[in-house]
Amino acid sequence: MFSFSVPLGKLVRRVSRLRGGGSALPGLVVEKIDPGFMQRTLSTLPHGVAVVSGTNGKTTTTKMVVELLESQGLKVFTNRTGSNFTRGVAAALLGDVDWRGRLDADIAVLELDEAHAVHFVNRVPPRYSLLLNVLRDQLDRFGEIDKTAQLLQHIASKTTGTVVLNREDPRVARIADTLDGPDVRYFGLDDSLLSTFPNDDELRAGPGSPAPAAVQQKPPADVVLRRVGPDNADFEYDGGTVTTAMKLRGVYNIFNAAAALTLARSICGSGAAAADQATLLTALSRVAPAFGRGESLVVDGLPLDLVLVKNPSGFRLGLKSFPAGGYATMIAINDNYADGRDMSWLWDVDFESLRADGVDQLTGSRAYDMALRLQYDEVTVGAVNTEIAPALAAFIAGATDKPKRIFCTYTAMLAIRRELSKITTVEVVS
Amino acid sequence: MTPGTSGSKGTIRVLQLYPRDMNIYGDWGNALVLQQRLKWHGYAPELLEYNVGDEFPDEVDIIVGGGGQDSGQLVIQDDLQSRAETLRGLAEDGTPMLLICGTYQLFGRFFKTRTGSVIPGIGVLDVETHGTDERLIGNVKITTAEFGEVLGYENHSGQTTLGPGVEPLGTVPKGTGNNSSDGQEGARYRNIVASYLHGSLLPKNPAIADFLIRAAVERKYGSFTPGDPDDRYAVLAREHAARRPR
């Protein structure tokens, strides 16, 4: 069957790329003229669709799952451009299908924003879903975290094959109780690492607060992260523990590696490919962070780390994963729509770990909110400038002899990368 | 009561009400600001917590309560009713309180949900709240007689109406406030400040923090001699916040 919509959509995609336009416009066009396009195309895939959702870590986890499956010889379609809305998926499909609308892939692995995933799964029920976590993020969009948990529950309920859940996040783990169709598998953490991952109910805690009520008996997990070293990690599965080198940094990224491994094992285990544990691990050890998520660049011959922070748990984990000692530190807080407008979240982060060395530079539209926050945690602040370009220049000029670290919200990160690309090599995002 | 030792002008006990279940977004900031400003004014802060099932502490000088999700409000509801008498007594006696969002609603007469079920409040404040489908979200600026311009961020679907027993905290030139019809935000009663504003509220509105501190100290020690907190960042953060879009 020849459909007119695909060539037209591809044409729009070319034109909008030539104009440097957004990645979703061609998706919008094809959705309008051919609403069945996405569903029809994805339903032809022999191993169906896997959806990755949750508050934190979707992009890097999706990247990991794709690379793990590719290591097993599967052809994987994914929405790489970070356009994690339905239209973005349609647009990415247009780039990959041939002119007759055929997609040459075994499986699709899609990162979907929680709210948009709900619409997506109503149209395309996934065979697999991986639900990472529910944390305070963009409450100005979703209202309440219990509501976000309901969105994830809906994704799980539409899943036909296997649902992979985070055993350590109570709001995610509880989803299992509501399911009677799909298989459920968990990824988990060693008890010794739990304290690095305050779940959302523990976030409120000020110093010295009592621990919340004990959790009930945990179900067994398919993959458990047992230990995180400086450049390696231990994973337990199939009754044994293996140590593997890791290119990813930050405990939270490596916990998401356990999530990706669980999903990849489920997909391979259900007949998509014979899972070869050795090549899976090799692939895992080679995964590099996704765009802007914990990148390390080089400026004046010394490392400059960009750490994306977009909610209190992410900021806390960032501070824990990247100790301040010996580094010059800058924090860039914007409050554009993509960052979240409410500054309350800064008050749920504990900044005491920065007290010894202080913070050299603050910037972003809410730089003074950050300064105020640090004042109340008794952290010394060097300079404050709401304009990002001059603040970044001053930060780099003031610390030529030190490695540097910048904690930044999403749109601040984009601005910082733009500035940095003038003085060093920065990966270009397509 | 005699002032405390170790060079401070006295001890002030700040009680966080239900921090485990009623703490949706940045409510810790309000407790932290009271703790630090008490020190900067020369007083020794003592931070206490009260959660469901705890023993209610004696000698409470300031109470702070935060926002809650619907689920959090359900968890604390029975326990709160069992403490209603104590809390009403403290309120009538002039104990300063900061009640944000969910706690503000539950200190009123009732909360009627969208489906029509009525959750009784503890009636400290003469206000009533009705659940709606509309979520009121965004930056807010209010004009108040006592504290000047107050800045914050609202995120709620309950709409609150004031009765004759309370005064509004202020009127709303930017944002929505208590409800989408009368242009008022928050409530004032004795030494209670109730508001929908997060942000957190106290860091960028030190005048409200100092009002609560002054009221607590005067009530306990008779008179308040302020210190000299450095509010330069607060002033600048307010200037920038006031210019941000809704």
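## Strand 1 of chain B and its partners

In strand 3 of chain B, B:Val14 has B:Ile62 as its bridge partner. Strand 3 of chain B covers residues 62-65 and runs parallel to strand 1 of chain B, to which four bridges join it. These details belong to a predicted model.

Strand 1 of chain B spans residues 11-17, and five of its seven residues are buried, which leaves the strand mostly covered. Strand 1 of chain B is also paired with strand 2 of chain B, residues 44-50, through seven bridges, and this pair is likewise parallel. Within that pairing, B:Gln16 stands opposite B:Glu49 of strand 2. Between strand 1 and strand 2 of chain B, the chain passes through helix 1 of chain B, residues 27-40, in a β-α-β crossover that is right-handed.

## The side of chain B that touches chain A

The contact between the two chains involves 33 residues of chain B and 28 residues of chain A. On the chain B side, the elements that give two or more residues are helix 1, strand 7 (127-144), strand 8 (148-162), helix 5 (201-204) and helix 7 (232-243) of chain B. Helix 1 of chain B gives the most, with seven residues.

By class, the side of chain B that touches chain A comprises 14 nonpolar, 13 polar and six charged residues.

## Chain A

Chain A has 430 residues, of which 53% are buried. Its secondary structure consists of 15 helices and 15 strands. Among the contacts in chain A with a separation of 6 or more, 74% are between residues 24 or more positions apart.

## Confidence of the prediction

For the complex, the predictor reports an ipTM of 0.96 and a pTM of 0.74. The average pLDDT of chain B is 93, and 97% of the residues of chain B score at least 70.

Residues 1-5 of chain B have a pLDDT that stays under 50. For this segment of chain B, the model has eight contacts beyond four places in sequence. Where pLDDT is low, predicted coordinates should not be read in detail.

Key: Residues are numbered from 1 along each chain as its sequence is written. Chains are lettered from A and ligands numbered from 1 in the order in which they are written. This is a predicted model: local features need pLDDT of at least 70, side-chain atom pairs count only at pLDDT 80 or more; totals for chains, interfaces and linings use all residues. A residue is buried if 20 or more other C-beta atoms lie within 10 Å of its own, exposed if 12 or fewer, and partly exposed in between; C-beta atoms are placed from the backbone. Two strands pair if DSSP finds at least two bridges between them. A crossover is right-handed if, with the strands pointing away from the viewer, the path from the first strand over the helix to the second runs clockwise. pLDDT is the predictor's confidence in each residue, from 0 to 100. Two residues are in contact if their C-beta atoms, placed from the backbone, lie within 7 Å. Ala, Val, Leu, Ile, Met, Phe, Trp, Tyr, Cys and Pro count as nonpolar, Asp, Glu, Lys and Arg as charged, and the others, Gly among them, as polar.
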